[in-house]
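Hello,

Please find the structure below. My notes follow it.

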Amino acid sequence: MPFSSRIYIRRMGFSVVAALLGTLFALPLVWFFFAPFNARAELGLAIPAPFTFANFTTVFQNTFAMQALFNSLVQAFGGVVLVGAAATFAAYALSRSSIPGKSAVTYVLLLFSSVVSGSAAMVPIFLIVSAAGLIDTHLAVILVFAGGLLPTAMFILRDFIDAIPRSYEESAMVAGASPLQAFFDVALPVIRPGIVVVVVWAFVNIWGSFLIPFILLRSDSLMPASVAIYSFYSEAGTPIVTLLAAYSLIYSLPVIALYLFVNWKFGFRFFGGIKS
Amino acid sequence: MASVEFQNVSKSFGAFNALPDISFSIADGEFVCLLGPSGCGKTTSLRMIAGLETPTSGKVLIGGRDVTYLHPKDRQISMVFQDYALYPHMNLADNIAYPLKVRGEAEDKRHARAREVADVLKIGDLMKRLPSQISGGQQQRTSLARALVYPSQVYLFDEPLSNLDAKLRLEARGFLNHLQRDMGMTAVYVTHDQAEAMALATRIAVMDKGRIVQFAPPIEIYRRPATTFVANFVGNPPMNLVPAQAAIIDGKLQLRAEGLDVTALPVSDTIARAVGAKSITLGVRPEHLRIARPDDSNVITGELFANENMGPESLVTIERKDAGRVTARIFTDDEIRVDKTVRLSFDAEHVTLFDSTGARIPAHGE
Ligand SMILES: Nc1ncnc2c1ncn2[C@@H]1O[C@H](COP(=O)(O)OP(=O)(O)OP(=O)(O)O)[C@@H](O)[C@H]1O
Ligand SMILES: [Mg+2]
């Protein structure tokens, strides 16, 4: 039948194009997993021969880079806890209370947040942090990230909480629970998937960010991995591909681990048309 | 148990006045049903008793104490929500036992008590399931169990049986009726279903557009509906209403309308006064209509519209020419000769008359 053969051809064409596109996007990923184990890795794709851990051994000897991974963890963890907790409480209040003009507040904050964490505000941020005497501390980085990420986090969470019926907490309160009890016993467990999304999103943001820690920190002992990655560039500014590849893989592991953990523990849920 | 009182309570949502001005008092141990069409303010009234909504003005009293601004948790009430409001992350046992947990009851004790109530409501086998893993009717019963698991001053029910199938609904209704008799609970019960209200209530408050139209025992509401609205809302099927022209001839009331021939109703002073306005609405319940004999005097005539056999009785609906329909409930045993044209008749004592504003005219000798 001419009709069905046309469909076959169309489907085959679609599959071929999809496969080609997929391969195109997969190639850098394949490089990402092969290069670290190749002692002679270059920017071209090559299967490691011989397969070696030599690159990693060298990277582990770079104490600055190793300390930086720990610093990244401290900053990301601090920022995530602050953003997660503050956004949950703020979003809950914004969703449940009847403050006039509350949605205006959210939108204005959202608008300015892209300014705060953007490079445009770097000078005032530096001045504020410096006036507070926090230059060259983990706290400075954590606070600035929290300030920048909080509005969006609040916005995502408010959307999520708005979709949860108030009658959950209401029935808890009728049953004798105080508002705080109702929040922790009933509301919080229901909101948790939303908080998880926000936490992962904030973690990835802080983990990958370069500019803010680079400007706010001075000491090598406080720099995060996103900055330390430049210690694998030669004096001339060319990357040492072998070490860079190995370090990048280590650098990405916490994010991958977080995704896997969250996926296993909670399962991912995205909602409200917001791409996270 | 405690009494409940509303003193000139009003409630507005922004510019919308949902309840203009409501006053009533419910005695200790009464089971009051709020009956009315969708959006008339039943849930809003209930939420103000619970403390989930604050009146715009007026006072709410529970057990004689002013609780208008008291937090829900301090009111010692329980409530079944219209949307059940079961906690999705807790299994049924924890859901039902939650009020006891808040009261500091030990886990095994509260689970035992939850199981007891759940067994009565036939959900005892489901205690380990999450709310998302049970049916709508089971969810409703879980919500009911959670409200009954602890002693309360006042029980509030927002259409707690609306999602049950006919058999379960009858059972649950019987259970609530028994509970009411057993422990003399004070309850406010919201329902759309007039049969449920009739069966359960010691008094019914019929509401319309944020007002209480009539607040009386079921039998009173049935026999002496205060307005055409109440008459039209209560009864299964509701009362037939026929607008008619009235005149008093030879000391007897005559009503005339398409297909209606009423010549011999007794006249009281109030009726005489109402007849001055000429237009009167005749009300007669379907169960008081019968197939007319040739010499009957109060007759409604129309074309047969439907004849529904319901087992012991039939619903015969006729359509008056270019006018409304009239339904009669007739025992199937009575020999029904249903032709194309049907004549129905009724006795004078079963007639309810409403004046031109829709208010009931007190009957002769009342
Ligand atoms: N939070 C609110 N904001 C604005 N209007 C409201 C709010 N809650 C209720 N209303 C309005 O008040 C009126 C009464 O609502 P209510 O929920 O009490 O109705 P109901 O009698 O319970 O109806 P149903 O039988 O459909 O449940 C409705 O017109 C409703 O739209
Ligand atoms: Mg309602």
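This is a predicted model: local features need pLDDT of at least 70, side-chain atom pairs count only at pLDDT 80 or more; totals for chains, interfaces and linings use all residues.

Residues are numbered from 1 along each chain as its sequence is written, chains are lettered from A and ligands numbered from 1 in the order in which they are written, and side-chain values use heavy atoms, with hydrogens and water left out.

**Interface**

On chain B, 24 residues are in contact with 18 residues of chain A (contact: heavy atoms within 4.5 Å). The two chains bury about 1,600 Å² between them, 64% of it on carbon and sulfur atoms (accessible area, 1.4 Å probe, lost on putting the two parts together, summed over both).

The rule finds 1 salt bridge across the interface (a side-chain nitrogen of Lys or Arg within 4 Å of a carboxyl oxygen of Asp or Glu). B:Arg47 and A:Glu170 form a salt bridge at 2.8 Å, N to O. Helix H1 (42-50), strand S6 (77-80) and helix H2 (92-102) of chain B each supply at least two residues of the side that touches chain A (helices are DSSP runs of H or I, at least four residues; strands of E, at least two). H2(B) gives the most, with 4 residues.

**B:Val4**

B:Val4 sits in strand S1 (residues 4-13) of chain B. B:Val4 counts as buried because its relative accessibility is 1% (buried: under 20% relative accessible area, 1.4 Å probe, protein chains only). Its C-alpha atom is 4.6 Å from that of B:Ile62, 58 residues apart along the chain. Beyond neighbours within four places in sequence, B:Val4 is in contact with residues including B:Phe24, B:Ile49 and B:Val154.

Best wishes

Technical notes
Buried means under 20% relative accessible area, exposed over 50%, partly exposed in between (1.4 Å probe, protein chains only).
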